[in-house]
Each structure stands twice: as C-alpha cells, then as structure tokens.
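Here is my note on the model you asked me to look over.

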Amino acid sequence: MKEINEQEFESVVLKGGKVVVDFYSTECPPCEALAPKFEDVANLYGEHISFVKIFRQGNRELVEKLEVQGSPTVLFYDNGKQVAPMISGGIKKSELVEVCDSMIPAEASQKIHDSIKPVNTHCEALIIGGGPAGLAAGLYLCQAKVNTILVDIQLPGGQVSTTHQVSNYPGFIEPQPGFMLSHFMSEQTKQCGTKYKVAVDVAQVDLQNKTVVIDDYETITAEKIVIASGASPRPLGIPGEKEYKGQGISYCATCDAKYFENKEVIVVGGGNSAVEEAAFIAKFASKITMIHQFGELTANKQSAQKIIDNPKISILFNSEPRAFIKEPNKMTVEYENLETKTRETISADGIFVFIGMQPNGSLFGTQLETDDWGYISTNEDMRASIPGVYAIGDIRSKKYRQITTAVADGTIAAIDISKSL
Ligand SMILES: Cc1cc2nc3c(=O)[nH]c(=O)nc-3n(C[C@H](O)[C@H](O)[C@H](O)COP(=O)(O)OP(=O)(O)OC[C@H]3O[C@@H](n4cnc5c(N)ncnc54)[C@H](O)[C@@H]3O)c2cc1C
C-alpha cells in the first residue's frame with residue numbers, strides 16, 4: 001500500500017484505474033480502528049485494485065476540493081470517476097468489502113472470498129459492547145491482568161458519545177461534552193491494554209461455548225463473556241420511520257434540538273423521557289405538538305405539569321402516529337384519534353420520537369433469562385443465567401439506567417471475573 005500526496009493524486013488515483021483512497025489523520029481513534037482493516041482488504045483485493053493513503057492535515061487543498069470532511073474518509077475510483085459514495089467515521093470491513101466486490105468481476109470476488117482463511121483468537125474475557133459499562137469492565141479487567149478483548153459494532157463510547165453534556169458524572173466540576181467523556185473512558189481502557197476490535201460485524205454468539213464470530217472470519221473464544229450492548233431508542237415501526245430517520249426524524253434531543261431554533265416540532269410520546277426531552281427542545285423550538293396515546297401524560301406529575309404550563313407546548317391526547325411523510329421542507333405525521341378512530345395529519349419542521357428504550361439483545365436470542373421487556377436478568381455479581389456469562393449496564397434488568405450505574409455494573413462483573421479465573 002502506498003502513501004501519496006496531493007501532487008500525485010492525478011497520476012496515481014485519477015489515472016490509476018481502480019483505486020481506493022483512505023484520507024486519515026493522526027490522533028484519530030476511528031483512523032486507528034480502520035488502519036488494520038484497510039490493510040487486510042488491500043491484501044485481499046490488491047491484485048485488482050490499488051489502495052493508497054493520504055494524510056488529511058498535510059494535503060488540505062485536495063481535501064477541500066474533494067469535500068472530505070471527516071477522518072477517516074474512504075473514496076472509491078475507477079478510471080478517474082468515483083464509483084460509490086464516500087464512507088467516513090466508524091468504517092466496517094464489510095463496507096469496504098462490499099464496494100470492492102462491486103468494482104471487480106463476480107468470479108474474481110468469489111475467488112477472493114474463497115481464499116479467506118478463518119482466524120481463531122482466544123482471550124480470558126470477551127466484552128461485547130464498548131459503552132461506559134463495557135469500558136469500565138475492560139479497565140478493571142486489564143488492571144487485574146486479565147487478557148481481555150472488547151468488541152463493538154460501532155466505535156467505543158456508547159450512548160454517552162451522542163449526549164450533549166453530562167453534568168452528573170462524578171469527578172468533573174463543569175459539565176462535560178458527552179463525546180469527550182466517552183473519549184477519556186475509551187482511551188483510559190485502551191491504554192491500559194484491553195484489545196479493541198471495533199466497528200466490526202458481530203454475529204453468531206454462542207454463549208454456552210463462549211464463542212463469537214466477528215467480520216465473518218474471526219472466531220473469538222473466551223473463558224468469560226460480558227454482555228454490555230446497552231439499549232437503543234424504541235422505534236414506532238410505522239411507514240416512513242426507517243426512510244426518514246436522521247432526515248427529519250430524530251431520537252436524540254441533545255443531539256438535534258439545536259437545529260430547530262425558532263422552528264416547529266412534533267414530539268411523539270408522553271412518558272418521562274418524552275416530557276423531559278420536550279422541555280429541553282422547547283428551549284429552541286417556537287412550537288411543540290406532543291402526540292400521546294393516553295388521555296393524560298404518564299410522566300411524573302411535577303414534570304408533566306411543567307409541560308402543561310409551557311405555552312409553547314400543546315398535546316394531542318388519545319392519538320397514535322400511523323405514518324410519517326416527508327414533504328419539501330416539512331415533515332407530516334398521519335395520526336389516528338384512538339377515541340373517534342379517525343385519521344388526521346399535522347406538519348412541522350421535524351419530529352422527535354421518545355417512546356422508551358429497548359435492549360440491544362437480538363444477538364443473544366433466547367439463550368439467557370430475561371425480564372418481560374427483554375433485559376437480561378442477573379444476580380448481584382452481574383452473573384447471567386449461563387455460567388461464565390455476565391450482563392452489565394443498560395442491557396441488564398434493573399431500575400435505574402445511568403452512566404454511574406453502568407460503570408458500577410462493569411466494575412462488579414470485572415472484579416467477580418478476576419477473582420474467579
Ligand atoms: C440522549 C441521552 C442522554 C443521556 N444523558 C445521561 C446523563 O446526562 N447522565 C447519565 O448518567 N446518563 C445519561 N444517559 C444514559 C446513559 O447514557 C446510559 O445509561 C449509559 O450509556 C449505558 O451504558 P452501557 O455501556 O450500558 O450502554 P451504551 O452506552 O448503550 O453502550 C452500548 C455499546 O454496545 C454496542 N453494541 C450494541 N449492540 C452490539 C452488538 N450486537 N455487538 C457489539 N456491540 C454492540 C453499542 O455500539 C455501544 O457502543 C443518557 C442517555 C441518552 C440516550
């Protein structure tokens with residue numbers, strides 16, 4: 001693999017046939033995560049495609065011309081033309097492979113896939129999920145000299161990475177931007193020695209035999225497995241939701257409320273999180289309409305009263321969204337009045353959905369005992385129903401889900417593991 005600069009771009013990339021270019025930066029954890037995958041893919045496809053790297057900070061003119069805005073960013077060229085959209089951030093190996101496959105004849109790509117040799121890796125503790133719970137467990141385990149691997153389908157940090165500011169994590173006098181707090185946590189655990197395999201595809205988790213397959217070819221076996229895959233916002237599952245997620249529909253007020261300064265917003269939900277998030281969005285938006293399925297808000301009385309008293313907020317009770325429709329510069333919700341069974345529409349600049357969270361547990365199927373909502377049941381040492389398997393953080397059945405409770409769970413599991421190995 002070759003490193004080039006902007007002067008060589010024309011001859012090496014634009015006139016170079018099939019070329020994949022990685023724009024990277026220094027001190028960039030996602031670039032470090034991509035580097036070994038990029039090299040692996042270059043080794044696999046090198047006979048058909050050239051792979052080059054360009055240092056982003058040292059080649060600013062080219063970076064601006066190509067509108068490369070983040071590190072790392074990968075571009076795909078064939079005879080001087082981009083043949084796929086550029087990809088950026090936490091790039092998975094499967095994403096690179098998918099585009100490379102599309103750039104070469106089917107027989108050639110089949111031959112490459114047939115040549116991939118499976119890899120087996122063993123560790124003492126395998127952590128699935130790199131949010132605060134998994135990172136705390138990783139820290140304690142590596143400090144106890146337990147050989148530990150942490151896998152994550154994204155970059156480490158978990159929900160904290162997308163939290164605007166965190167003011168209730170002990171040790172910081174001033175509120176911390178969520179991405180900085182998660183960066184500190186992640187670097188501390190990495191520098192301690194926990195091995196990261198992040199932005200990978202995680203599949204085939206066999207908890208009885210303690211094996212996990214990542215990126216289709218690497219099987220990791222462990223003596224203990226720690227599940228720390230957290231929770232995600234629950235979707236409504238109605239037409240238009242998947243299509244317009246991130247393009248008019250948001251699940252994170254702290255991430256997106258700022259884009260609705262003096263704009264109109266629809267909030268779906270009426271429980272504690274919907275009410276708290278609506279109050280936060282009201283600092284920006286000029287008008288909020290809440291759509292709630294019951295006849296009164298189900299949040300705690302004090303917070304609910306604040307919403308009712310807020311002149312910017314009105315509520316459509318006994319109503320449920322049935323479809324989201326995107327129109328030029330507007331989002332429309334078709335909703336059903338559950339009392340009259342009639343359907344109406346309402347439009348705004350954006351939609352926020354807060355109807356609760358769901359555990360990220362689909363990978364584990366029915367292997368473990370869970371509560372009625374799918375959160376994994378454990379004892380107080382975080383041991384789940386299969387010996388040697390632990391569950392920590394938001395995925396665990398418990399009452400309070402916070403960063404502090406997630407790191408506490410991680411701590412307990414790690415100490416229990418290090419004493420029992
Ligand atoms: C908008 C928002 C604001 C918040 N603000 C605060 C706050 O101010 N203070 C506070 O204390 N708490 C706050 N919380 C709650 C807090 O973020 C969570 O309680 C905490 O992050 C839980 O940590 P966790 O490690 O259990 O899970 P998560 O943070 O959810 O991390 C789970 C990790 O697992 C990974 N993962 C998921 N599925 C898989 C898989 N199949 N294989 C491998 N990896 C997987 C994810 O990519 C992720 O990195 C907030 C939450 C949200 C959504």
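1. Basis of the description. This is a predicted model, in which local features need pLDDT of at least 70 and side-chain atom pairs count only at pLDDT 80 or more, while totals for chains, interfaces and linings use all residues. Residues are numbered from 1 along each chain as its sequence is written. Helices (H or I, at least four residues) and strands (E, at least two) are DSSP runs, numbered from the N terminus.

2. Ligand shell. The ligand is surrounded by 33 residues, and the closest are Gly-129, Gly-131, Gly-158, Gly-230 and Gly-393; a residue is counted here if its C-beta atom, placed from the backbone, lies within 6 Å of the molecule. Two or more residues of this shell come from each of α6 (132-143), β7 (148-152) and α12 (403-420). By class, the shell holds 14 nonpolar, 16 polar and three charged residues, where Ala, Val, Leu, Ile, Met, Phe, Trp, Tyr, Cys and Pro count as nonpolar, Asp, Glu, Lys and Arg as charged, and the others, Gly among them, as polar.

3. Packing of α6 on α12. The axes of α6 and α12, two of the elements named for the shell, come within 7 Å and cross at roughly 35°; axes are lines fitted to C-alpha atoms, for helices over the stretch in contact, and angles run from 0 to 180 degrees between N-to-C directions. The crossing is right-handed, a term used if the near helix is turned clockwise from the far one by less than a right angle, with left-handed used if anticlockwise. Residues that make the contact include Pro-132, Ala-136 and Tyr-140 of α6 and Ile-403, Val-407 and Ala-414 of α12, contact being assigned if C-beta atoms, placed from the backbone, lie within 7 Å. The residues of this contact divide into 13 nonpolar, four polar and one charged.

4. Packing of α6 on α7. With helix α7 (residues 178-192), α6 makes an angle of roughly 25°, and the axes come within 9 Å. The two helices are therefore roughly parallel to each other, since that description covers angles under 35 degrees, whereas those over 145 count as roughly antiparallel, 65 to 115 as roughly perpendicular and the rest as oblique. The crossing of α6 and α7 is left-handed. On the α6 side the contact includes Leu-135 and Leu-139, and on the α7 side Met-185 and Thr-189; its residues comprise six nonpolar, five polar and no charged ones.

5. The parallel sheet. Five strands pair in parallel in an open sheet of order β15-β22-β16-β17-β18, and two strands are taken to pair if DSSP finds at least two bridges between them. Because β15 (249-250) and β18 (313-316) stand at the edges with a single partner strand each, one side of each is left without a neighbour in the sheet. Two bridges join β15 to β22 (residues 350-353), and Ser-250 stands opposite Phe-352 in β22. Helix α10 (residues 272-281) packs on this sheet, touching β16 (264-268), β17 (287-291), β18 and β22, and its direction makes about 170° with that of β16.

6. Packing of α10 on α11. Helix α11 (residues 301-309) packs with α10 at an angle of about 45°, the axes being 10 Å apart, and the pair is therefore oblique. The crossing is left-handed.

7. The mixed sheet. A second open sheet has the order β1-β3-β2-β4-β5, with mixed pairing. The edges are β1 (2-4) and β5, each with a single partner strand, so one side of each lacks a neighbour in the sheet.

8. Backbone details. In the hairpin of β4 and β5, with two residues between the strands, Asn-79 takes a positive phi near 50°. Ser-71 and Pro-72 are joined by a cis peptide bond with omega of about -10°, and Pro-72 is placed in the loop between α3 (60-65) and β4. Lys-145, although not a glycine, has a positive phi of about 60°, and lies in the loop between α6 and β7.

Methods:
Two residues are in contact if their C-beta atoms, placed from the backbone, lie within 7 Å.
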